[in-house]
Amino acid sequence: MYYTREYLNRAHREIDTIFRVLFPEHGMAVREEQIMLCHKMLDNLLGRNIALCDAGVGIGKTYAYLVACVLMRKYSLLAEGCSPYEQRPVVISTSSIALQKAILTEYIPFLSRILQENGTIQAPIKAVIRKGKEHFVCDERLEHRIVAIEEKNKNALQKEALLSLKEHYDMDEVSNLSGFDRRMVSVPKFCVKPQTLPI
């Protein structure tokens, strides 16, 4: 383990400060199960162990693992002899796109702001969403779909949404796009390679 007992103790004290002082100052309740979960996650992250943590609805799992990940990164950068492995980005896989968006637009900005104000971290937390290709538009399939609906009496809002995909490649950013159109224009699992003719 690359972490001295001093770093481990400091990291665990910061968990208690975040959940018992900082969060309540911003209107959040103290939840003992959430704090215990965060301590457990941090120990396993710093020890490079695998942990399966099961927690019920309302425990506050998202903040528990986000705080654990932030502190793991902070102390992996401080520890002498830390490996480059521990400085790689943290990957969080969610069960829904809605939770991905909430983490990116609500949880991380809030956590970043209060941890910076307190001096726990020096720079904002950075995050990006990685989505599967089925969320993006295939130019060729879009053109075929637009031609197919030209003469049809299609719902005006859905037609406008479909046409807007010429400018917005992420279909999640477009309102009123029908599920059928979404399937018809998304990037397919396999693309057919264009045939090249000999010269």
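Trainee: Why is tyrosine 107 called partly exposed in this predicted model?

Mentor: Its relative accessibility is 22%. Buried requires under 20% and exposed over 50%, with partly exposed in between, so tyrosine 107 counts as partly exposed.

Trainee: What makes tyrosine 63 buried?

Mentor: Tyrosine 63 has a relative accessible area of 12%. The cut-off is under 20%, and therefore the residue is buried.

Trainee: Why is the aromatic pair of tyrosine 63 and tyrosine 107 called tilted?

Mentor: The centres are 4.8 Å apart, and a pair requires centres within 6.5 Å. The planes make an angle of 55°; stacked needs under 30 degrees and edge-to-face over 60, so the pair is tilted.

Trainee: Which parts does this pair tie together?

Mentor: Tyrosine 63 lies in helix H3 and tyrosine 107 in helix H4, so the pair links parts 44 residues apart in sequence. The whole structure holds six aromatic pairs.

Trainee: How do you know whether cysteine 53 and cysteine 138 are buried or partly exposed?

Mentor: Cysteine 138, at 16%, falls under 20% and is therefore buried. Cysteine 53, at 35%, lies between 20% and 50%, so the term is partly exposed. The disulfide count is zero.

Trainee: Which residues have the most contacts inside the largest nonpolar core?

Mentor: They are Ile15, Ile18, Phe19, Phe23, Leu42, Val67 and Leu111, in a core of 34 residues. Helix H3 provides the largest share, ten residues.

Key
Residues are numbered from 1 along each chain as its sequence is written. This is a predicted model: local features need pLDDT of at least 70, side-chain atom pairs count only at pLDDT 80 or more; totals for chains, interfaces and linings use all residues. Side-chain values use heavy atoms; hydrogens and water are left out. A nonpolar core is a set of buried Ala, Val, Leu, Ile, Met, Phe, Trp, Tyr and Cys residues joined through side-chain atoms within 4.5 Å. Buried means under 20% relative accessible area, exposed over 50%, partly exposed in between (1.4 Å probe, protein chains only). Helices (H or I, at least four residues) and strands (E, at least two) are DSSP runs, numbered from the N terminus. A disulfide is a pair of cysteine sulfur atoms within 2.5 Å.
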